[in-house]
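The sequence and structure come before the discussion.

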Amino acid sequence: MSEDTHPSSTHPPLPPTTEDDRVSWLRLLRSRRVGPSTFYRLLTEHGSAQAALVALPDVAAAAGVADYSPCPEGVVLAELKAARAANARMICLGDPDYPLLLQQISDAPPVLWAVGHPAVLTRPEPMLALVGARNASSLGLRMARALAADLGARGHVIASGLARGIDTAAHLASLETGTVAIMAGGVDVPYPAENARLADDITRSGLRLSEQPMGLIPQARHFPRRNRIISGIAQAIIVVEAAAKSGSLITARSALDQGREVLAVPGHPFDARAAGCNMLIRDGATLVRKADDVIDALPAVQPPDKPLQHQGETRPAPPPPDRRSLQDIAALHSRILSRLGPSPLAEDQLIRDLGAPAGQVTPALTDLELDGRIRRQPGGLLSLV
């Protein structure tokens, strides 16, 4: 099961306030097949992370997963020890330092690890993301540096992904004014290794940020998850150079799904590195020639008045849901699986197609996730595994 979306809730998040609560949050989040969607749903159903951990083996058993055990406490204690060694701070959804705009996205990370100065996350000027090709051209690098430096001088924090090329140029140009590096692996694992010194420099006036466990070496599957944080944390995303099929375009698509402004720097039609940017502009992205173009586009995207309220720990704990017969549950599981295929389908569309109450479908989806039979994808999409 992947770490994916969860629905909004009428209950505000209550972040952990004690060390025991923090351990329980991490244990639940690090448990096998538990991503943000299942994490929030278990919190809402059982009232606290501690109670959810107790119930998790029974929830898994009901989904057909035998001999399920939550993440051992020792694993989380080791992660907390590694975080202290790296001077990493745990920021939970609902904490004052948790990025407001990131809290609005449907698959907001319950926990972020931060190294550096979290104050850059709460500046009054909107944060801007700047991404692009790893094999960037000289002109592309010059453009990234100029945009990042000019926008940073105007008070904007620049977010990017610490990758080679455009990301590196954007971070370097905004070191003094404030930059945030969103990392695909552990916050203590600079990637690529050649940017280790840059990663250290960023923490002096900016921030490194990751949702992944400490010490995790990033793999290909982690980068799309990282990209939705880059776009989610910013009010607008600027693509400087991007091929027609690239991670930067994945970030741009995430930005569109999240309601962010997408801007792109045009390039020569014969340059493959500009193909993605030209496609974005063709499809309605704002054309960027200089920092003023970005500033002029920002009024179209205003920060929300208040945080979107996610499912989280509530007091008092809600009563347990009504239990349907095993036959009814199996029948609903069968109907859900028959409606899904390899192509992603939106959860709300699935519920409409089934004609069943959301209160019945949602727990059934959690069962199937724990059973490893369906997969959640960014944007609230579902597919068969």
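The model discussed here is predicted. In it, helix H1 (residues 19-30) packs against helix H4 (residues 73-85) at an angle of about 110°, and the two axes are 9 Å apart. H1 and H4 are therefore roughly perpendicular to each other. The crossing of H1 past H4 is right-handed. On the H1 side the contact is made by Glu-19, Val-23, Leu-26, Arg-27 and Arg-30, and on the H4 side by Glu-73, Val-76, Leu-77, Glu-79 and Leu-80. By class, five of the residues in the contact of H1 with H4 are nonpolar and five are charged, with no polar residues.

The mean pLDDT of the protein chain is 86, and 88% of its residues reach 70 or more.

| Stretch | pLDDT | Contacts in the model |
|---|---|---|
| Residues 1-12 | below 50 | 50 contacts |
| Residues 311-324 | below 50 | 31 contacts |

Next comes a sheet. Three strands form an open sheet in the order S10-S12-S11, with antiparallel pairing. Strand S10 (345-346) and strand S11 (374-377) stand at the edges; each has a single partner strand, so one side of each is left without a neighbour in the sheet. In general, strands of a sheet pair through backbone hydrogen bonds, either parallel or antiparallel. S10 and strand S12 (residues 381-384) run antiparallel and are joined by two bridges. Within this pairing, Leu-345 stands opposite Leu-382 in S12.

Two backbone features remain. Most residues other than glycine have a negative phi, and most peptide bonds are trans. Which residue other than glycine has a positive phi, near 65°? That residue is Arg-33, and its place is in the loop between H1 and helix H2 (36-46). Pro-192 lies in the loop between strand S5 (179-182) and helix H8 (196-205).

Terms used: Residues numbered from 1 in each chain as written. Predicted model: local features only at pLDDT ≥ 70, side-chain atom pairs only at ≥ 80, totals over all residues. Heavy atoms only, no water. Pairing = 2+ DSSP bridges. Helix = DSSP H or I, 4+ residues; strand = E, 2+ residues; numbered from the N terminus. pLDDT = per-residue confidence, 0-100. Contact = heavy atoms within 4.5 Å. Axes fitted to C-alpha atoms, helices over the stretch in contact; angles between N-to-C directions. Parallel < 35°, antiparallel > 145°, perpendicular 65-115°, else oblique. Left-handed = near helix turned anticlockwise from the far one by under 90°. Nonpolar A, V, L, I, M, F, W, Y, C, P; charged D, E, K, R; others polar.
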